[in-house]
Each structure stands twice: as C-alpha cells, then as structure tokens.
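This report goes through selected side-chain contacts and secondary-structure elements of a predicted model. The sequence and structure are shown first.

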Amino acid sequence: MRNLRITGAALALTMAMVAGSPVMAGDDPAPAEQGHAAEASPFVPADFEVPTLVEAESFKLVPLGPDLVKIDFDAYMSSIEHLQKTFSRSTSWPHEGISDADAMKDMENEQARFQKRSSFAYAVLPPDGLRERGCIYVYPSNVDGYDAVVRMWVTKAEYDAGFEDELYNFATNWIETEWPFEKVAYPGHSVDWETWDALVEAGKAGEAAPEDEG
C-alpha cells in the first residue's frame with residue numbers, strides 16, 4: 001500500500017498479564033489464554049517482528065498502553081451507544097461510570113497482552129497523535145479454519161464520516177501483507193455477525209463436549 005511505513009521491534013515476553021479489557025458479545029477477547037489453548041502454538045512466530053508504528057496517509061497505528069489512556073477514554077466515552085451497537089454489541093463496554101482506574105487497567109491489560117505477544121491492540125490516531133479515531137485488535141481465533149480475528153471500532157463522528165470503511169480496507173491489506181496469518185476473520189465485515197456468533201458457539205460446544213473413551 002502506498003503511503004504506508006511500518007516499523008517494529010521484538011518486545012519482551014516477561015511482563016505478567018493483568019485483568020480487564022473491552023468484552024465483546026459472542027467473542028472471547030483473549031481466546032488463546034483460555035484453558036488448554038494456553039499450551040498451543042504461539043499466536044505469531046518467535047521471529048516475527050510485530051509492528052509498533054504503522055503510518056498511513058491520514059492516520060497512524062500505535063500499540064494501546066497507559067500513555068494513551070486519556071485520549072482512548074475520551075474516544076470511547078464520546079460514542080457509548082454507537083459502540084454498544086456496532087462493536088461490543090452489549091452494554092458491557094463502554095458504559096457510563098467507567099473510572100480512571102478502570103480505564104488505566106484496560107490500557108495495562110492491552111499493553112501486557114501485546115508484550116506477551118498473545119494479542120495486539122492498536123490505537124488509530126491522526127498523524128499528530130492528539131486524539132483517537134478508533135482501535136484495531138488482532139486476536140487469535142477460537143473458530144476452526146481461522147488463525148486470527150481482527151476487530152475494529154471507530155468513534156461515532158468517524159463512522160458518520162465514512163472512516164470505518166477506509167479503516168477496514170486498510171486493515172485487510174495490512175494484515176494480508178505484513179502479518180503471518182493464513183486466514184483471518186473480520187466479524188461484522190468479511191463474516192456477518194449471525195454467522196460468526198454461530199461459529200463461536202459451535203466451537204465452545206465442541207470444547208465442552210467430553211472426549212470419547214475407547
């Protein structure tokens with residue numbers, strides 16, 4: 001993609017994971033860290049250099065973390081109803097009354113997952129970095145046939161301006177050309193929500209079923 005510059009660095013794997021992150025209906029925010037999946041193959045190869053700065057013409061991506069807590073909070077709190085309908089599809093996040101401590105815990109959690117290389121959350125910022133336009137999340141998939149799931153949201157103002165379509169088009173190209181995945185799901189975009197929810201539930205049912213005894 002033209003006007004795209006990506007830099008990255010291998011990140012330490014030793015920081016302990018802390019609790020808290022936006023919970024999305026019909027999806028597990030960190031499926032690779034549940035049960036036996038924690039012992040599965042790494043989400044990305046050890047030699048893969050995870051991008052830590054991605055610059056497009058009208059925006060840039062940087063990992064979510066404590067330094068962004070204020071602009072991240074301002075972005076999602078400006079669009080509570082919109083995000084409950086289009087992203088979390090529930091009232092679990094965002095919602096009125098999120099405290100500064102809760103907002104910081106979310107940022108610490110996302111930073112820890114990024115550093116553990118178990119999932120990757122990026123803020124979408126304008127080039128000057130003074131506000132947040134949305135976020136992109138790259139997760140391992142708990143649905144057979146997909147090795148990654150990419151979720152994204154934009155604020156209500158950005159959605160009304162048509163930015164979500166621009167971000168989706170960017171993300172599909174970025175993931176295809178820069179990440180080591182074979183098949184990626186984009187729920188709500190490449191896979192409609194009804195189909196995706198059914199696939200997630202089927203996967204959970206399969207994991208819960210007792211193994212056949214010989």
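## Salt bridges

K204 and E201 form a salt bridge, with their closest N and O atoms 3.8 Å apart. The two residues are 3 positions apart in helix α6, which means that about one helical turn separates them. K204 is partly exposed, at a relative accessible area of 39%, and E201 is also classed as partly exposed, at 44%. The model has 7 salt bridges by the rule applied here.

The salt bridge between D197 and R89 has an N to O distance of 2.9 Å. This pair links distant parts of the chain, 108 residues apart: D197 belongs to helix α6 (residues 193-208), and R89 to the loop between α2 and α3. D197 is partly exposed at 22%, and R89 is partly exposed at 23%.

## Charges over rings

R89 has a second contact: its charged end sits over the ring of W193, 3.8 Å from the ring centre. The charged end of K183 is likewise placed over a ring, that of Y146, at 4.8 Å from the centre.

## Aromatic pairs

The model contains 21 aromatic pairs under the rule used. One of them joins F114 and F120, whose ring centres are 5.0 Å apart; the planes lie at 90 degrees, so the pair is edge-to-face. F114 is buried at 3% relative accessibility, and F120 is buried at 1%.

F120 also pairs with W179 in a tilted arrangement, 5.4 Å centre to centre with 55 degrees between the planes. This second pair connects distant parts of the chain: F120 lies in strand β4 and W179 in the loop between α5 (163-178) and β7, 59 residues apart. Both F120 and W179 are buried. One aromatic cluster includes F114, F120 and W179, along with F43, F48, F59, Y122, F163, F170, W174 and F181.

## Helix α3

Helix α3 covers residues 100-116, 17 residues in total, and spans 24 Å from its first C-alpha to its last, close to the 24 Å expected at 1.5 Å a residue. Its buried residues are A103, D106, M107, N109, E110, A112, R113 and F114. Among the elements covering them are β2 (51-55), β3 (60-63), α1 (69-77), β4 (120-125) and β5 (134-139). Just after the helix, R117 adopts a positive phi of about 65 degrees.

## Strand β6

In strand β6 (residues 148-154), 7 of the 7 residues are buried, so the strand is largely enclosed by the rest of the structure. In a regular strand, side chains alternate between the two faces of the sheet. Here both faces are covered, with buried A148, V150, M152 and V154 on one side and buried V149, R151 and W153 on the other.

Strands β5 and β6 are antiparallel and pair over 6 bridges. Within this pairing, I136 has M152 in β6 as its bridge partner. Strand β7 (residues 184-185) runs parallel to β6 and is joined to it by 2 bridges; A148 stands opposite V184 in β7.

Conventions
Residues are numbered from 1 along each chain as its sequence is written. This is a predicted model: local features need pLDDT of at least 70, side-chain atom pairs count only at pLDDT 80 or more; totals for chains, interfaces and linings use all residues. Side-chain values use heavy atoms; hydrogens and water are left out. Helices (H or I, at least four residues) and strands (E, at least two) are DSSP runs, numbered from the N terminus. The expected span of a helix is 1.5 Å times one less than its number of residues. Buried means under 20% relative accessible area, exposed over 50%, partly exposed in between (1.4 Å probe, protein chains only). Contact means heavy atoms within 4.5 Å. Two strands pair if DSSP finds at least two bridges between them. Rings of Phe, Tyr and Trp (its six-membered ring) pair if their centres lie within 6.5 Å; planes under 30 degrees apart count as stacked, over 60 as edge-to-face and the rest as tilted. A charge sits over a ring if NZ of Lys or CZ of Arg is within 6 Å of the ring centre and within 35 degrees of the ring normal. A salt bridge is a side-chain nitrogen of Lys or Arg within 4 Å of a carboxyl oxygen of Asp or Glu.
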